[in-house]
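Please read it with the coordinates open.

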Amino acid sequence: MAKYFDVHPDNPQRRAIGQIADLVRSDGLIAYPTDSCYALGCRLDNPEGLDRIRAIRKLDRRHHFTLVCQDFGQLGQFVHVDNAVFRAIKSATPGSYTFILPATKEVPRRLMHDKKKTVGVRIPAHVVTQALLAELGEPLVSSTLLLPDVPDPLTQGWEIKDELDHVLDAVVDSGDCGVEPTTVVDFSSGEAEIVRRGAGDPDRFA
């Protein structure tokens, strides 16, 4: 049965954020809000958490997971970013974008694209997510909370708890965060390729 945390969207309660971080550190799987949809998240060294996300979403092994990072200092540990790409990404973050980049050795192989050795990264502009990332001190491995055969992501915390109570360890509710996922930009070749158009304006990378 999932624990339910009602977290203020603008002034997250420190005690609640601490308890959620402790659950993640204990290899828990959470549903949490971002600036573009709710997401499923677990810590980096939690292979069972990845398997649980795959089972919930019915994903295959080729699915690109995303490392949700607090800031550029953290992001730079996990992906290679040259100067030109750095400037392009820096101007668009934090925000509703996911960037696909070559992974560093800090990224477990199970998170990389099999052939390209890339990984998705993002820095969200959401107060609750940022508070949780600051408390954790490490990225969350994440995937949009989109259930199989359901056209739109779940947007209400109570709805997520009702639907996934038996397969999650916690639901973090801070209100509706929309149904539009991130815009995905692949920079792995050095040039911007729009893989998915979403909440972030893709024209800035045209």
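1. Ground rules. This is a predicted model, in which local features need pLDDT of at least 70 and side-chain atom pairs count only at pLDDT 80 or more, while totals for chains, interfaces and linings use all residues. Residues are numbered from 1 along each chain as its sequence is written, and side-chain values use heavy atoms, with hydrogens and water left out.

2. The sheet. Ten strands form an open sheet with mixed pairing, in the order S1-S8-S2-S3-S7-S4-S6-S5-S9-S10. Its edge strands are S1 and S10 (193-196), each of which pairs on one side only. On average, neighbouring strands are turned by 30 degrees against each other, direction ignored. Strands here are DSSP runs (E, at least two residues), as helices are (H or I, at least four), numbered from the N terminus. Two strands pair if DSSP finds at least two bridges between them. Angles run from 0 to 180 degrees between N-to-C directions, with axes as lines fitted to C-alpha atoms, for helices over the stretch in contact.

3. Around S8. S1 and S8 pair in the parallel sense over four bridges. S2 and S8 also run parallel, joined by two bridges. Which residue of S8 stands opposite Tyr-4? Val-171 does, and Ala-31 stands opposite Val-171 as well. Ala-170 and Val-172 point one way from S8, Val-171 and Asp-173 the other way, and all are buried. Buried means under 20% relative accessible area, exposed over 50%, and partly exposed in between (1.4 Å probe, protein chains only).

4. S3 against S7. S3 pairs with S7 (residues 140-144) in the antiparallel sense, over five bridges. Gly-41 stands opposite Ser-142 in S7. As background, strands of a sheet pair through backbone hydrogen bonds, either parallel or antiparallel.

5. Helices on the sheet. H1 lies across S1, S2, S3, S7 and S8 (170-173), and runs at about 145 degrees to S1. H2 packs on the sheet too, touching S3 and S7; its direction makes about 155 degrees with that of S3. Contact means heavy atoms within 4.5 Å.

6. The whole structure holds six salt bridges, each a side-chain nitrogen of Lys or Arg within 4 Å of a carboxyl oxygen of Asp or Glu. One joins Asp-22 to Arg-25, with the closest N and O atoms 2.8 Å apart. These two are three residues apart in H1, so about one helical turn separates them. Asp-22 is partly exposed at 43% relative accessible area, and Arg-25 is partly exposed at 36%. Asp-51 and Arg-54 meet at 3.3 Å, N to O. They too are three residues apart, in H2 (residues 47-57), and so about one helical turn separates them. Asp-51 is partly exposed at 37%, whereas Arg-54 is buried at 9%.

7. A salt bridge between elements. Asp-27 pairs with Arg-43, the closest N and O atoms being 2.6 Å apart. Asp-27 lies in the loop between H1 and S2 (30-33) and Arg-43 in S3 (residues 38-43), so the pair ties together parts 16 residues apart in sequence. Asp-27 is partly exposed, with a relative accessible area of 31%.

8. Gln-13. This residue lies in the loop between S1 (3-6) and H1 (14-25). Gln-13 is partly exposed at 35% relative accessible area. The side chain of Gln-13 reaches the backbone nitrogen of His-8 at 3.0 Å. Leaving aside neighbours within four places in sequence, Gln-13 is in contact with Asp-6, Val-7 and His-8. Gln-13 and Val-128 are 115 residues apart in sequence but 9.2 Å apart in space, C-alpha to C-alpha.

9. Gln-74. A polar atom of the Gln-74 side chain lies 2.8 Å from the backbone nitrogen of Gln-70. Beyond its neighbours within four places in sequence, Gln-74 is in contact with Val-68, Cys-69, Gly-137, Glu-138 and Pro-139.

Conventions: A polar contact is a pair of N or O atoms within 3.5 Å; within protein, one must be able to donate a hydrogen and the other to accept it, and residues adjacent in sequence count only if both atoms are side-chain atoms.
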